[in-house]
Amino acid sequence: MKHSKPPSPKGNLFVGHAFSFRKNPLHFMVDSVKLLGDFISFRLLGKKVYLVSDAEIARYIMQSNNKNYTKSPGYRHLRLLVGNGLFTSEGSFWLKQRRIYQPAFSNKSVELYVRNVTDSVQQTMLRWEKLANNNEAINASEDMTEITLEIIGRSLFSTNLGKESKYFFEPLSIALEYINNRALRAPFILPTWFPNPAKRNFDQAVKTLDQVVYAVIKEREEQQEWPEDLLTSFLTIKEEETGEGLTPLQVRDECMTLFLAGHESTANVLNWVFYLLTKHPEIQEKVQEEIDNALGSRDPLYEDLNQLTYLVQVINETMRLYPPVWHYGRMNIQEDKIAGYTFEPQSHFRICCYTIHRNPKYWKNPDEFDPERFSPENVKKQAPGSFIPFGYGPRLCVGRNFALMEITFMVAMFYQKYHINVCNVKDINMLPLLVLRPDRDVKLALKRR
């Protein structure tokens with residue numbers, strides 16, 4: 001006889017699986033999936049959560065029946081940083097935001113951003129050259145954060161953040177760690193108004209980030225002529241029915257969302273690319289050969305994306321193994337039936353793309369790094385919903401084409417000039433915050449080609 005709910009690992013009578021989940025949520029999920037299968041349940045105190053590692057169920061929730069699902073309550077912790085921006089909003093307000101964003105991420109717009117990527121990389125490598133000549137290691141974690149933030153600033157806000165980008169890495173890390181801890185410790189958490197040291201550090205971090213964001217907004221408002229970019233859209237868009245625009249707080253929330261989503265995920269993918277290519281020098285050599293044949297010594301152009309096919313495969317395989325956003329939370333509005341089980345309204349689902357991406361049902365030898373999985377012929381064989389690094393369905397990341405262009409050309413330019421090895425490759429593990437970060441700074445040793 002089939003159980004009324006998906007199977008669950010053994011847990012504590014009173015707190016369920018809260019302690020195991022809090023200790024390391026990713027390890028807990030992976031171990032539970034290996035033990036019980038692709039659709040399981042676990043309990044955090046009185047709250048039952050359903051963990052999805054099945055591509056078909058993920059498709060159903062995120063696409064086929066998406067209108068019956070909202071983001072789960074866990075996103076309220078993220079709202080402490082980004083407010084009600086595109087990533088956390090719902091319903092008609094989200095749809096309005098999405099329409100504002102769309103033109104900034106069209107293929108035509110992405111093509112215009114290529115120059116911002118190449119210029120920023122060139123500036124970074126000028127500094128790298130001095131460090132490499134002195135055999136000094138490069139802190140890729142900081143540098144990738146700095147350069148991707150600079151690219152976002154130039155592309156979407158027509159501003160060069162310059163030195164201000166250096167102020168983002170530490171406060172952003174503090175803010176994300178605080179949000180992550182609240183999400184993992186819930187409901188064993190203090191109210192946000194309680195003045196403990198962690199909350200004070202978080203408030204200071206957000207204050208520092210806000211200073212950068214509000215400085216960008218103020219600079220635009222003081223300009224006589226406004227460029228046609230996303231920030232101008234935020235400041236000038238009006239509702240057809242009411243004539244109302246975005247409030248100053250809403251503009252701030254959208255900007256903060258872009259600064260977070262637009263550079264944090266990209267920077268981490270780049271660090272995982274460095275990590276994996278160091279561990280697989282034969283693949284690094286193949287990447288460099290393709291770059292040499294496609295580009296020679298010149299900077300990449302938009303049309304070169306079609307020539308760097310193996311590099312794109314490497315990036316996709318990196319995001320399969322280390323998806324930037326490693327799980328998504330959803331909650332059903334009305335009763336639903338999935339895989340023969342009935343779920344009452346407001347049931348909590350966690351769609352774990354990390355376990356989907358490593359599910360042997362969809363991927364042969366799933367823990368191995370094999371870019372050939374993403375060759376054109378193999379992509380055609382992939383099960384729908386089995387590769388979802390940018391989400392799925394209507395809430396598919398609006399900036400995915402921009403991110404792929406940016407990562408591809410940054411990697412191409414770095415490996416065009418250097419053999420790159422991660423010095424501390426054996427020490428690096430995964431840190432499952434809101435994004436899947438390396439658990440320590442990634443240090444690079446560069447050798448001029």
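**View 1. Strand β3 pairs with strand β5.** In this predicted model, three bridges link β3 (residues 69-71) to β5, and the two strands run antiparallel. One place to look is lysine 71, which stands opposite arginine 330 in β5. Strands of a sheet pair through backbone hydrogen bonds, either parallel or antiparallel.

**View 2. β5 also pairs with strand β8.** β8 covers residues 348-351. Four bridges connect β8 and β5, again in the antiparallel sense. Which residue of β8 is the bridge partner of arginine 330? The partner is phenylalanine 349.

**View 3. Strand β5 is enclosed.** β5 spans residues 328-332. Five of its five residues are buried, so the strand is largely enclosed by the rest of the structure. In a regular strand the side chains alternate between the two faces of the sheet. Follow that pattern here: Tyr328, Arg330 and Asn332 point one way from β5. Gly329 and Met331 point the other way. Both sets are buried.

**View 4. Three strands form an open sheet.** The order is β4-β12-β9, and the pairing is antiparallel. β4 (138-139) and β9 (418-422) stand at the edges. Each has a single partner strand, so one side of each is left without a neighbour in the sheet. Two bridges join β4 to β12 (residues 443-448). Within this pairing, asparagine 139 stands opposite lysine 443 in β12.

**View 5. Glutamine 97 is buried in helix α5.** Helix α5 spans residues 91-101. Is glutamine 97 buried or exposed? Its relative accessibility is 1%, so glutamine 97 counts as buried. What does glutamine 97 touch, leaving aside residues up to four places away in sequence? The contacts are Asn84, Gly85, Leu86, Ser89 and Glu254.

**View 6. Helices α11 and α13 cross.** Two packed helices are described by the angle between their axes and the distance between the axes. Here α11 (residues 248-279) and α13 (residues 309-321) have axes that come within 10 Å. The axes cross at roughly 100°, so α11 and α13 are roughly perpendicular to each other. On the α11 side, the contact is made by Val269, Trp272, Val273, Leu276 and Leu277. They meet Val314, Ile315, Thr318, Met319 and Leu321 in α13. The residues of this contact divide into nine nonpolar, one polar and no charged.

How values were computed:
Residues are numbered from 1 along each chain as its sequence is written. This is a predicted model: local features need pLDDT of at least 70, side-chain atom pairs count only at pLDDT 80 or more; totals for chains, interfaces and linings use all residues. Side-chain values use heavy atoms; hydrogens and water are left out. Two strands pair if DSSP finds at least two bridges between them. Buried means under 20% relative accessible area, exposed over 50%, partly exposed in between (1.4 Å probe, protein chains only). Contact means heavy atoms within 4.5 Å. Axes are lines fitted to C-alpha atoms, for helices over the stretch in contact, and angles run from 0 to 180 degrees between N-to-C directions. Angles under 35 degrees count as roughly parallel, over 145 as roughly antiparallel, 65 to 115 as roughly perpendicular and the rest as oblique. Ala, Val, Leu, Ile, Met, Phe, Trp, Tyr, Cys and Pro count as nonpolar, Asp, Glu, Lys and Arg as charged, and the others, Gly among them, as polar.
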